[in-house]
Amino acid sequence: MGNIPKLIIKRLALGIFVLWVVSLFIFLGVSLLPGDVATEILGQSALPETVAAFRHELGLDLPLHIRYVHWLGGLLTGDLGHSLANGRAVSQLIGERLGNTLFLAGVAACFSVPVSLLLGLLTALYRGSVFDRVTNAVTLTWISFPEFFVAYILIMFFSIQAGWFPSLSTIRDSDSVVHSLYLVTLPALTLTLVVAAHMMRMTRAAIISVLGSPFIEMAKLKGIGQRRVIVWHALPNALAPIINVVVIDLAYLIVGVVVVEVVFVYPGLGQLMIDSVQRRDITVVQACSLIFAATYILLNMFADVLAIATNPRLMYPK
């Protein structure tokens with residue numbers, strides 16, 4: 001365990017480098033978007049001189065590398081800049097939406113992680129049974145569907161036909177926790193169905209892979225029951241891949257909410273980014289994209305370190 005702090009430092013340094021490379025791609029990609037915020041705000045009928053003056057005021061006429069240096073310097077000092085569309089601080093805009101995104105991802109995680117781990121354990125325990133085959137067929141079907149399709153199916157059945165839940169998940173700060181949970185039921189269920197299927201199948205595959213090990217055969221020869229073998233012998237040795245897939249799917253719950261938030265008009269970070277793309281508000285788009293990238297990199301690093309902590313053999317590759 002003494003090597004864990006060194007591993008964390010190495011992974012952190014690598015994560016910072018990857019995040020810097022990602023910031024380059026984000027800045028270049030956003031800069032290549034057709035049109036700009038000056039044309040979007042002033043309209044198509046604005047005079048070229050007016051558009052040029054407005055672009056100069058916003059600093060959009062500066063060379064690309066100079067704008068990147070200014071943006072990166074602001075990031076290093078904690079300044080995300082100001083929205084080009086309304087002049088508000090980007091950190092304030094993100095702060096109003098980030099909590100909603102984390103709330104939705106947290107609700108989905110509370111449902112998806114326990115259900116997927118339990119189903120993965122049960123399908124491995126009853127491998128080859130009718131329950132195993134039906135569960136695998138259903139989860140494979142859900143994995144094949146894109147998020148927006150699952151969302152519209154849930155809206156059709158639970159909102160339009162049954163009328164149990166609203167099709168729009170517009171939560172407000174004044175809403176109680178119970179009412180907020182009611183409003184996010186459908187988007188959280190959408191994320192749960194997509195993510196839990198993947199986690200369940202990976203959990204099942206990890207446990208079945210360990211079941212072919214020699215120490216499992218020895219445990220069976222000693223007369224230990226199948227359930228005890230899986231729970232007390234196979235599961236602890238399969239924790240490393242299970243932790244990896246769980247943490248990566250948790251990262252997806254935060255990063256992959258963009259489509260779900262748009263479908264349900266949920267006031268989260270993904271909806272903010274889509275609205276900013278439509279307005280060509282590049283500072284907000286860059287900040288949202290960087291937050292998503294940093295979340296994914298950080299959780300991947302956490303998964304790597306946690307997997308090695310549970311299985312120190314991974315510290316020494318073959």
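**Note on the helix contacts and cores**

1. Leu 119, Leu 122 and Thr 123 of helix H5 are in contact with Phe 131, Asp 132 and Thr 135 of helix H6. By class, this contact between H5 and H6 consists of 3 nonpolar, 2 polar and 1 charged residues. The two axes lie 8 Å apart, and H5 and H6 pack at about 135 degrees, which makes H5 oblique to H6. Their crossing is left-handed. The model is a predicted one, and the remarks below should be read with that in mind.

2. Arg 133 is also part of H6, the helix that spans residues 130–144. Its relative accessibility is 51%, so Arg 133 counts as exposed; the cut-off for exposed is over 50%. Between the C-alpha atoms of Arg 133 and Thr 123 the distance is 8.4 Å, with 10 residues separating the two along the chain. Thr 123 is one of the H5 residues in the contact with H6.

3. On the chain as a whole: the protein has 15 helices and 0 strands. Of its 318 residues, 39% are buried. Among contacts between residues at least 6 apart in sequence, 73% join residues at least 24 apart.

4. The largest nonpolar core has 42 residues, and within this core Leu 191, Ile 207, Leu 211, Leu 253 and Phe 264 touch the most other members. At least two residues of the core come from each of H5 (90–125), H7 (147–161), H9 (185–211), H10 (214–221), H11 (226–237), H12 (239–255) and H13 (257–264). H9 gives the largest share, 11 residues. As background, nonpolar side chains in soluble globular proteins tend to be buried together.

5. Leu 211 deserves a separate entry. Leaving out residues up to four places away in sequence, Leu 211 touches Arg 127, Ile 216, Glu 217, Val 229, Ile 230 and Ala 234.

6. How do H7 and H9 pack, and at what angle? The angle is about 130 degrees, and the axes are 9 Å apart. H7 and H9 are therefore oblique to each other, and their crossing is right-handed. From H7, the contact uses Glu 147, Val 150, Ala 151, Leu 154, Ile 155, Phe 158 and Ser 159; from H9, it uses Leu 186, Leu 189, Thr 190, Leu 193 and Val 194. Sorted by class, these are 9 nonpolar, 2 polar and 1 charged residues.

7. Helix H1 (residues 4–31) and helix H4 (residues 64–76) form another pair, with axes that come within 11 Å and cross at roughly 130 degrees. H1 and H4 are therefore oblique to each other. The crossing of this pair is right-handed. H1 contributes Trp 20, Ser 23, Leu 24, Phe 27, Leu 28 and Ser 31, which meet Leu 64, Arg 67, Tyr 68, Trp 71 and Leu 72 of H4. The contact divides by class into 8 nonpolar, 2 polar and 1 charged residues.

8. Is Asn 244 buried, partly exposed or exposed? Its relative accessible area is 27%, so Asn 244 is partly exposed. Apart from neighbours within four places in sequence, Asn 244 contacts Ala 303, Asp 304 and Ala 307. Asn 244 and Ala 307 lie 63 residues apart in sequence, yet their C-alpha atoms are 6.6 Å apart.

9. Val 265 is a point to check by eye. This residue is not a glycine, but its phi is positive, about 50 degrees. Val 265 sits in the loop between H13 and helix H14 (269–279). With a relative accessibility of 39%, Val 265 counts as partly exposed.

Terms used: Residues are numbered from 1 along each chain as its sequence is written. This is a predicted model: local features need pLDDT of at least 70, side-chain atom pairs count only at pLDDT 80 or more; totals for chains, interfaces and linings use all residues. Side-chain values use heavy atoms; hydrogens and water are left out. A nonpolar core is a set of buried Ala, Val, Leu, Ile, Met, Phe, Trp, Tyr and Cys residues joined through side-chain atoms within 4.5 Å. Buried means under 20% relative accessible area, exposed over 50%, partly exposed in between (1.4 Å probe, protein chains only). Helices (H or I, at least four residues) and strands (E, at least two) are DSSP runs, numbered from the N terminus. Contact means heavy atoms within 4.5 Å. Axes are lines fitted to C-alpha atoms, for helices over the stretch in contact, and angles run from 0 to 180 degrees between N-to-C directions. Angles under 35 degrees count as roughly parallel, over 145 as roughly antiparallel, 65 to 115 as roughly perpendicular and the rest as oblique. A crossing is left-handed if the near helix is turned anticlockwise from the far one by less than a right angle, and right-handed if clockwise. Ala, Val, Leu, Ile, Met, Phe, Trp, Tyr, Cys and Pro count as nonpolar, Asp, Glu, Lys and Arg as charged, and the others, Gly among them, as polar.
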